[in-house]
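Please look over the model shown below before you read my points. I have written them as a colleague's note, for a reader who is new to structures.

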Amino acid sequence: MDAVRLIGVGRRALATSQDAPDIMREAWQAQALAQAIGSRLALLGPPELRGDARALTEAGTRGSGGSVIPVVGAGGIRAAQMTELGDVYEALSGLGALLGDVGIALVAVASASFEEGAYWQCMEAIDAADESRDRALEILRRLPEWDSRPSRKESAPGSDSAA
C-alpha cells in the first residue's frame, strides 16, 4: 500500500478515536509512518534531501519507540504495510496534516487528563509529533528542487531538473 493511502487510513482512524488510549495509539501509528516515510526517502530520495529524511526518521522513532500504549490488534503497525512511497509531495503534505491532527487531538487528551503521568506522556507525544511535522514540512519546502510527482516528471529520482 502506498504512503498516501496509509495516511488516509490514519486520518480516518484518528477522527473516529473515542478515548485517550485510542488517540495515543493513533499518535504512535502516525509517528511510525513518519519513520517509515523518512527511511524510504533516506534510501531512495535524492542525495540533497537524505539528511532531512534521516532527521524525519529519527523524529518518528522518538515518537513511536517509547510509547507504553501497545499497537497490537487487528491492524498491527500500519507503517509496516507501506510497499511504496508514491507521490512524494502528496505523501509529505498528508503526513504534515496527519501529524497536525495528532497534535490537536493530543492537546485535548492532555487537557482532560487528571493523572500527571498521562499528562506528561501527552506532552512528550505532542512534542514528537510537532518535530516530525516540522521535519516533513522542511523536506516538502525543499521538494521543488526534486519533484517526483508523475504528473510533472516521469524521470528517475535524482535526475536534473530546472529549479
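Which residues does Leu92 touch, not counting residues up to four places away in sequence? The points below answer this after a few words on the model itself.

1. This is a predicted model, in which local features need pLDDT of at least 70 and side-chain atom pairs count only at pLDDT 80 or more, while totals for chains, interfaces and linings use all residues. Residues are numbered from 1 along each chain as its sequence is written, and side-chain values use heavy atoms, with hydrogens and water left out.

2. Leu92 touches Ile37, Leu41, Leu56, Ala136, Ile139 and Leu140, where a contact means heavy atoms within 4.5 Å. Together with Ile37, Leu92 has the most contacts inside the largest nonpolar core, which has 41 residues. Such a core is a set of buried Ala, Val, Leu, Ile, Met, Phe, Trp, Tyr and Cys residues joined through side-chain atoms within 4.5 Å.

3. At least two residues of this core come from each of α1, α2 (20-44), α3, α4 (88-112) and α5 (116-142), and α2 supplies the largest share, twelve residues.

4. The chain has five helices and zero strands, both taken as DSSP runs numbered from the N terminus (helices are H or I, at least four residues; strands are E, at least two). Among contacts between residues at least 6 apart in sequence, 79% join residues at least 24 apart.

5. Of the 163 residues, 44% count as buried, a label that means under 20% relative accessible area, with exposed over 50% and partly exposed in between (1.4 Å probe, protein chains only).

6. The structure holds one aromatic pair, formed by Tyr119 and Trp120, which is edge-to-face with 5.0 Å centre to centre and 85° between the planes. Rings of Phe, Tyr and Trp (its six-membered ring) pair if their centres lie within 6.5 Å, and planes under 30 degrees apart count as stacked, over 60 as edge-to-face and the rest as tilted. Tyr119 counts as partly exposed because its relative accessibility is 31%, and Trp120 counts as partly exposed because its relative accessibility is 46%.

7. On confidence, the mean pLDDT (the predictor's confidence in each residue, from 0 to 100) of the chain is 84, and 80% of its residues reach 70 or more. Please treat one stretch with care: over residues 148-163 the pLDDT is below 50, although beyond near neighbours in sequence this stretch has 16 contacts in the model.
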